[in-house]
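Subject: Handover of a structure and notes on its features

Dear colleague,

Please find below the structure that I am handing over to you. My notes on what was found in it follow directly after.

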Amino acid sequence: MTDYRIFNNDDAMRFADKHSELFGDHSKLSAEEFGDGNLNLVFRVSNDKGTSLIVKQALPYARCVGESWPLSTDRARIEAEVLRVHARFCPEHTVEIRHFDAELSAILMEDLKQYTILRTALIKGKQYEHVATQIGHYLAHTLFYTSDFVLTGPAKKAAVAQFINPDLCQITEDLFFTDPYCNHERNNIHDLIISTARELWQDEALQAEVAALKADFLSKPQALLHGDLHSGSIFANAENCKVIDAEFGFYGPIGFDVGSLLANFCLNYLGCAGLLADAEAVTAHQAYVRQQCLTLWHVFAEQFSQLMSQDSQDPMLRNSLYQKQFLQQVFADAIGYAGCELIRRTVGLAHVADLDNISNAQQRANIEKQAIELGRRFITQRQSLSSIEQVLDLLPV
């Protein structure tokens with residue numbers, strides 16, 4: 001990548017102007033870098049009429065750590081291509097990619113400034129009723145149409161190769177499945193829950209279940225995943241929501257994407273007790289989040305089942321009994337991965353504001369302990385839980 005350089009505001013303006021006809025010949029452009037993520041630079045390029053686009057550039061290292069944690073900038077290609085593939089099957093809920101430059105590892109995309117990050121909205125107690133329905137649709141369509149139910153063997157294998165993503169998969173493999181279960185230097189543990197973390201490090205039975213989930217993550221390329229689907233990678237407004245940030249995308253187990261988002265709803269369910277001042281508001285918000293979890297799974301499962309029944313191309317995979325068994329295994333996987341997400345967001349490196357923003361230290365610790373216990377139960381009981389209603393019965397009231 002001889003032409004690669006790290007962008008400044010002027011570079012971002014030139015990149016956006018060169019690759020878009022949106023601004024016009026005589027626009028006066030400005031740019032601001034506002035990325036607060038762990039890995040990349042993110043710029044908003046605007047003209048004097050309020051039109052704007054986003055420029056995202058992959059750095060050759062993890063931004064949150066620095067040059068001591070090198071990363072391949074190929075993740076920008078992965079992100080652009082995953083979002084383009086997903087947009088083929090669900091354009092209404094996928095951010096639009098306008099241009100990708102491989103040498104600069106830079107993406108030009110639509111600006112979702114009329115939307116709010118879903119996590120931010122949830123923390124404030126905002127309730128978007130349509131989110132679970134729309135994301136359930138997104139998951140069903142993007143995962144089904146990139147799976148063996150549709151693709152021929154050669155096409156599927158070529159797609160798996162196209163989306164090999166070793167650097168970012170390694171991050172997930174470590175932070176999600178390994179670090180929380182040992183005394184790792186990367187862990188970020190609240191002082192008041194150290195004893196609870198130590199219990200994880202000594203729980204061989206739990207670790208065996210996590211090992212099985214990790215083994216599937218490593219070796220079950222069922223569909224093209226977003227790979228990091230949480231409430232911080234979804235933008236929402238009163239009518240619509242769109243998915244962003246697919247740089248962790250790869251071919252993996254379908255339940256991973258579904259479970260990751262379910263867990264983030266559960267984290268908000270737990271955390272709102274320490275974030276919303278009014279007890280009635282907490283009760284109402286928890287009821288809303290519970291309903292979102294129910295809707296997410298039911299919409300996903302119903303639409304995925306319908307797609308399997310109508311659009312499966314392989315004659316053996318059209319077997320209705322197999323399809324029922326397949327979906328039940330996806331459900332078990334999703335609950336297991338949700339449990340891993342709950343645990344890693346409390347003792348691992350990357351926390352969530354749903355818990356970290358709780359100002360009362362003891363209350364935060366108590367809620368983190370609830371998250372860990374809920375994660376443990378999800379992981380260990382995933383094969384015996386047969387419905388999303390049974391899963392949600394495990395949430396504290």
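Two strands are said to pair if DSSP finds at least two bridges between them. Please bear in mind throughout that this is a predicted model.

**The sheet of strands 8, 10 and 11**

On that basis, three strands make up an open sheet, in the order 8-10-11, with antiparallel pairing. Its edges are strand 8 (116-117) and strand 11 (241-243), each of which pairs on one side only. Strand 8 is joined to strand 10 (residues 234-236) by two bridges, and the two run antiparallel. Within this pair, T116 stands opposite A236 of strand 10. Helix 4 (residues 131-144) packs on the sheet, where it touches strand 10 and strand 11. The direction of helix 4 makes about 40 degrees with that of strand 11.

The loop between strand 11 and strand 12 (250-252) contains D245. The phi of D245 is near 55 degrees, which is a positive value in a residue other than glycine.

**Strand 7 and its partners**

Strand 7 (residues 106-110) is mostly covered, with five of its five residues buried. Strand 3 (residues 52-58) is joined to strand 7 by five bridges in an antiparallel arrangement, and V55 stands opposite L108 of strand 7. Strand 6 (residues 97-101) also runs antiparallel to strand 7, through four bridges; here D101 stands opposite A106.

Strand 6 and strand 7 form a hairpin with four residues between the strands. S105 lies in the loop between them and has a positive phi, near 50 degrees, although S105 is a residue other than glycine. Is S105 buried or exposed? With a relative accessible area of 2%, S105 is buried, because buried means under 20%.

**Helix 2 and H86**

At 1.5 Å a residue, the 15 residues of helix 2 should span 21 Å, and this agrees with the 22 Å between its end C-alpha atoms. The buried residues of helix 2 include R75, I78, V82, V85 and H86. H86 belongs to this helix, which covers residues 75-89, and has a relative accessible area of 0%. Leaving aside residues up to four places away in sequence, H86 touches P91, T94, Y138, T142, L224, L225 and H226.

**Helix 13 and its surroundings**

Helix 13 (residues 361-381) has 21 residues and reaches 30 Å from its first C-alpha to its last, close to the 30 Å expected. At its start, a side-chain oxygen of N360 comes to within 3.1 Å of the backbone nitrogen of Q362. Among the buried residues of helix 13 are R364, E368, A371, G375 and F378. The elements that cover its buried residues include helix 7 (194-202), helix 8 (204-219), helix 9 (254-275), helix 11 (320-347), helix 12 (353-356) and helix 14 (388-392).

**Helix 7 against helix 8**

Two packed helices are described by the angle between their axes and the distance between the axes. The axes of helix 7 and helix 8 come within 6 Å and cross at roughly 70 degrees. Helix 7 and helix 8 are therefore roughly perpendicular to each other, as angles of 65 to 115 degrees are classed in that way. Their contact is made by L200, W201 and Q202 from helix 7 and by E204, L206 and Q207 from helix 8.

With kind regards

Key
Residues numbered from 1 in each chain as written. Predicted model: local features only at pLDDT ≥ 70, side-chain atom pairs only at ≥ 80, totals over all residues. Heavy atoms only, no water. Buried < 20%, exposed > 50% of the residue type's maximum accessible area, 1.4 Å probe, protein only. Contact = heavy atoms within 4.5 Å. Axes fitted to C-alpha atoms, helices over the stretch in contact; angles between N-to-C directions. Expected span 1.5 Å × (residues − 1). Polar contact = N/O pair within 3.5 Å; in protein donor to acceptor, adjacent residues only side chain to side chain. Parallel < 35°, antiparallel > 145°, perpendicular 65-115°, else oblique.
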